[in-house]
Amino acid sequence: DKIDGGDGSDVLNITTTADIASISPAGATISNVETINLTSNGSVTATSGAGVTNLVGAGADEFVLAGAATTDITAVSSGLGSDNATINGGKNISATVAVGTSGTVDIGATTAPAGTVSYTGAYTQANGNTHGAVTVTGGTTQTVTLSTGNAVNTTNTFGAVTATGGASTTTVSVTQDAAATAAAAVKGVVNGAVSVLDANRASTTKAGSITDVTVSSGAAVTINSGALENIFASGKMTTLNAGTLGALTTAAINDIHLHTNGLTTTGAVTFDTDVKTITINSHTAASTIASLVDASATTLNVIGDAKLTVSAHTLAATASISTADSTGGATFTGALGNTVSFAGGAGADTVSLGATTKAITTGAGADQVTVGVSALGYLGSIDAGDGIDTLVMSAANAATASATATFGGTISGFE
């Protein structure tokens with residue numbers, strides 16, 4: 001059989017209750033058809049031929065689709081279940097799974113897409129399930145959005161998401177429902193691991209291409225790109241590990257912008273030691289980082305309109321911390337090193353100090369400074385600036401400090 005659409009923009013629609021195993025069985029040819037729409041009550045398997053600009057496969061089961069780099073591919077599964085779905089090649093990819101359990105989704109494993117990639121997984125049926133892994137390779141941008149619709153007092157677990165860039169991939173976004181403990185009125189959610197990997201991450205000579213990464217909730221989150229500039233992080237995470245950013249002999253980056261919006265981590269946020277300057281923009285909703293780790297970071301800037309809490313921190317011994325451009329304020333629970341400097345801003349800052357040798361300033365705002373010793377170090381001082389500021393010391397240290405005028409001469413601005 002032959003189908004020739006001739007001139008113009010032509011559409012071929014195939015609708016069946018059975019599985020669609022191929023659109024070009026033995027002896028059949030399709031030519032000059034620009035759009036092919038496939039609808040099935042089962043699975044959909046199809047490889048588009050030359051000249052097809054749009055391939056659409058919609059079924060109640062898995063999809064196995066492929067196309068040329070000039071073909072936009074749209075895939076929809078209303079019931080993936082435990083089956084596995086794949087898309088290879090194509091230009092702009094849009095894939096949606098409305099109901100899924102343990103089935104996996106793999107886009108670009110054999111042939112990477114040439115354009116944008118978007119996958120939405122809405123796991124609305126299963127209760128107490130572990131969902132399948134999602135793997136995306138290639139494309140210019142990658143967007144993965146996962147949600148789960150299990151019943152309250154049951155727990156669903158997301159599968160791992162692995163987003164691997166291609167030569168032209170610049171941005172990656174992965175979103176999951178935030179982790180939650182099941183209760184009478186709460187659906188339980190366990191996040192899956194998230195890995196964002198640049199195609200050239202292992203090369204000592206080839207530059208990376210992924211510059212911007214967005215992650216909203218995840219278990220262990222790993223980002224590895226030698227071109228990374230911005231991380232947009234929100235929701236709940238165990239760890240955020242950017243501790244290895246490419247393998248270039250001469251690193252291409254030395255600063256990172258971390259944009260947080262309601263981020264809470266239970267573990268460390270780690271950066272490659274090639275990163276010397278970290279800027280954290282805490283905006284919209286308060287964020288808490290359990291531990292901030294970059295032993296080579298010499299500058300930490302906190303900006304934004306939302307409170308940032310850093311429970312523990314490992315920075316360079318002589319690091320400089322500034323919240324001068326933060327209106328939300330920052331709390332550093334762990335004591336700053338004695339040779340770490342701090343300059344506050346208009347927000348309410350909270351810091352802990354030992355025998356600091358630096359001139360600490362907390363700026364405006366209702367600041368709180370905890371001093372864990374009875375005397376500051378050589379040349380050390382604390383200026384609390386404007387606002388209603390509080391000095392916190394143990395009774396013993398306060399008594400010792402008050403015995404002479406020395407300590408009092410090194411502090412000012414406390415009300």
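The model is predicted: local features need pLDDT of at least 70, side-chain atom pairs count only at pLDDT 80 or more, and totals for chains, interfaces and linings use all residues. Residues are numbered from 1 along each chain as its sequence is written, and side-chain values use heavy atoms, with hydrogens and water left out. The chain has 1 helix and 38 strands. Helices (H or I, at least four residues) and strands (E, at least two) are DSSP runs, numbered from the N terminus.

**Overall shape**

- The C-alpha trace spans about 100 × 55 × 30 Å along its principal axes.
- The chain has a radius of gyration of 27 Å, while a compact globule of 415 residues would have one near 22 Å. This radius is taken over C-alpha atoms, and the globule rule is 2.2 Å times the number of residues to the power 0.38.
- Buried residues make up 44% of the 415 residues in the chain. Buried means under 20% relative accessible area, exposed means over 50%, and partly exposed lies in between (1.4 Å probe, protein chains only).
- Take the contacts in the chain with a separation of 6 or more: residues 24 or more positions apart account for 38% of them. Contact means heavy atoms within 4.5 Å.

**Parallel strands**

- Two strands pair if DSSP finds at least two bridges between them.
- Strand 9 (residues 85–89) is largely enclosed by the rest of the structure, because 4 of its 5 residues are buried.
- Strand 7 (residues 63–67) pairs with strand 9 in the parallel sense over 4 bridges. Here L65 has I87 as its bridge partner.
- Strand 9 also runs parallel to strand 11 (residues 105–107), joined by 3 bridges. I87 has I107 in strand 11 as its bridge partner.
- Strand 13 (residues 134–137) and strand 16 (residues 161–164) run parallel, with 4 bridges between them. V136 is partnered by A163 in strand 16.
- Strand 16 is joined to strand 19 (residues 194–197) by 4 bridges, again parallel. V161 stands opposite V194 in strand 19.

**The nonpolar core**

- In soluble globular proteins, nonpolar side chains tend to be buried together.
- A nonpolar core is a set of buried Ala, Val, Leu, Ile, Met, Phe, Trp, Tyr and Cys residues joined through side-chain atoms within 4.5 Å.
- The largest such core has 84 residues, and Y119, F271 and F332 touch the most other members. Strand 21 (residues 230–242) gives this core its largest share, 5 residues.

**Salt bridge**

- A search of the whole structure finds 1 salt bridge. The term means a side-chain nitrogen of Lys or Arg within 4 Å of a carboxyl oxygen of Asp or Glu.
- The side chains of K187 and D177 form the bridge, at 3.3 Å from N to O. Both residues lie in the loop between strand 17 (171–176) and strand 18 (188–190), 10 residues apart.
- K187 counts as partly exposed, at 28% relative accessibility.

- T148 sits in strand 14 (residues 141–148). T148 is buried, with a relative accessible area of 4%.
- The side chain of T148 makes polar contacts with the side chains of N150 at 3.0 Å and N156 at 2.9 Å. A polar contact is a pair of N or O atoms within 3.5 Å; within protein, one must be able to donate a hydrogen and the other to accept it, and residues adjacent in sequence count only if both atoms are side-chain atoms.
- S282 is in strand 24 (residues 277–282). S282 counts as buried, at 0% relative accessibility.
- The side chain of S282 reaches the backbone oxygen of K307 at 3.2 Å. Among the residues that S282 touches, beyond four places in sequence, are T260, S287, I303 and L308.
- V215 belongs to strand 20 (residues 212–224). V215 is buried, with a relative accessible area of 1%.
- Not counting residues up to four places away, V215 touches V174, V194, V221, F232, A233, S234 and M237.
- V215 and K276 are 61 residues apart along the chain, and their C-alpha atoms are separated by 23 Å.
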